[in-house]
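Subject: Structure handover

Hello,

Here is the structure I said I would pass on. My notes on it follow below.

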Amino acid sequence: MAPLLEVKNLHYYYGNIHSVKGIDLYVDEGEIVTLIGANGAGKTTTLQTISGLTSPRGVRGEILFKGKPIQRLRGNRVVGLGLMQVLEGRHIFAKLSVEENLLTGAYLRKDAAGIREDLGEVYALFPRLLERRAQLGGTLSGGEQQMLAIGRALINKPRMMLLDEPSLGLAPLIIKEIFIAIKKINSEGTTVLFVEQNSKIALATASRGYVLQTGEVVMHNTCENLLNNEDVKKAYLGM
Ligand SMILES: Nc1ncnc2c1ncn2[C@@H]1O[C@H](COP(=O)(O)OP(=O)(O)OP(=O)(O)O)[C@@H](O)[C@H]1O
Ligand SMILES: [Mg+2]
């Protein structure tokens with residue numbers, strides 16, 4: 001069966017700056033896959049390009065989602081196909097409550113009953129958001145904001161979820177909690193591709209991983225094999 005997401009010879013140019021240099025990757029339905037790499041490796045650019053959040057003028061190559069080319073589609077069209085990115089830096093609304101923030105994720109929908117039900121599922125995954133449903137987004141802790149950002153993406157039951165550095169700026173215990181939730185989301189049927197600088201937790205969570213270096217994939221394997229690879233251990237696991 002064809003992969004759910006397939007990226008073929010993807011390049012991205014910020015003007016003259018060639019940031020992504022011919023990436024190939026695929027994610028099968030039901031998988032949880034990670035993209036790891038150092039600062040500036042092109043992780044965010046790759047993810048944003050898949051999501052239609054970079055300028056189409058800078059894109060070369062092909063991105064197939066459910067077998068259809070999406071490399072020329074804008075972000076809202078990509079979301080409409082069921083491919084949903086949780087944005088880096090949270091991007092939640094500071095002046096809206098937790099619940100209002102979650103509901104902004106469902107702005108395209110009209111089925112009030114279905115939205116209620118999906119809201120309940122987000123609260124079941126993150127009970128902390130239920131406790132704080134009336135609190136303003138801007139007053140949440142970093143970890144709670146990340147939960148909210150994930151919840152907002154999840155409320156539409158995406159076929160596939162993309163996450164950019166879910167661990168960024170969070171304490172170890174919260175990071176653990178976030179990744180447990182990501183695994184749970186995956187086990188309930190959402191395919192996941194996430195980018196991480198925290199290679200240890202990334203390789204412990206995903207089943208397969210790609211190592212990105214200055215815009216190119218330099219390694220691709222099961223996480224088990226990557227964890228046992230001497231180069232990966234030295235460069236990314238500090239061993
Ligand atoms: N708007 C932009 N204009 C020009 N160059 C950019 C822009 N955004 C990113 N770049 C460059 O593209 C390259 C890849 O950046 P990107 O943000 O994708 O890396 P990253 O792997 O996500 O890094 P980090 O781990 O720091 O988040 C970098 O060299 C960066 O300087
Ligand atoms: Mg980044």
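Apart from neighbours within four places in sequence, Met161 is in contact with Met84, Val86, Ala153, Ile185, Thr190 and Val192. Please keep in mind that this is a predicted model.

Met161 also belongs to the largest nonpolar core, which holds 62 residues. Together with Val122, Leu162 and Leu193, Met161 is one of the residues that touch the most other members of that core. The element that gives the most to this core is helix H6, residues 142-154, with 6 residues.

Helix H6

How many of the 13 residues of H6 are buried? The count is 11, so the helix is largely enclosed by the rest of the structure. The buried residues include Ala153, which is also one of the contacts of Met161. Others in the buried set are Glu144, Gln145, Gln146 and Arg152, along with Met147, Leu148, Ala149, Ile150, Gly151 and Leu154.

Ligand 1

The shell around ligand 1 is made of Tyr14, Ile17, Ser19, Gly37, Asn39, Gly40, Ala41, Gly42, Lys43, Thr44, Thr45 and Gln197. By class, 8 of these residues are polar, 3 are nonpolar and 1 is charged. Strand E2 (17-27) and helix H1 (43-50) each supply at least two residues of the shell. Which element gives the most to the shell around ligand 1? That is H1, with 3 residues.

The chain as a whole

The protein chain contains 10 helices and 10 strands. Its radius of gyration is 17 Å, close to the 18 Å that the globule rule gives for 239 residues, so the chain is as compact as a globular protein of that length. Along the principal axes, the C-alpha trace spans about 45 × 40 × 35 Å.

Of the 239 residues, 42% count as buried. Among contacts with a separation of 6 or more, 66% are between residues 24 or more positions apart.

Regards

Notes:
Residues are numbered from 1 along each chain as its sequence is written. Chains are lettered from A and ligands numbered from 1 in the order in which they are written. This is a predicted model: local features need pLDDT of at least 70, side-chain atom pairs count only at pLDDT 80 or more; totals for chains, interfaces and linings use all residues. A residue is near a molecule or strand if its C-beta atom, placed from the backbone, lies within 6 Å of it. Helices (H or I, at least four residues) and strands (E, at least two) are DSSP runs, numbered from the N terminus. Ala, Val, Leu, Ile, Met, Phe, Trp, Tyr, Cys and Pro count as nonpolar, Asp, Glu, Lys and Arg as charged, and the others, Gly among them, as polar. A nonpolar core is a set of buried Ala, Val, Leu, Ile, Met, Phe, Trp, Tyr and Cys residues joined through C-beta atoms within 7 Å. A residue is buried if 20 or more other C-beta atoms lie within 10 Å of its own, exposed if 12 or fewer, and partly exposed in between; C-beta atoms are placed from the backbone. Two residues are in contact if their C-beta atoms, placed from the backbone, lie within 7 Å. The radius of gyration is taken over C-alpha atoms; the globule rule is 2.2 Å times the number of residues to the power 0.38.
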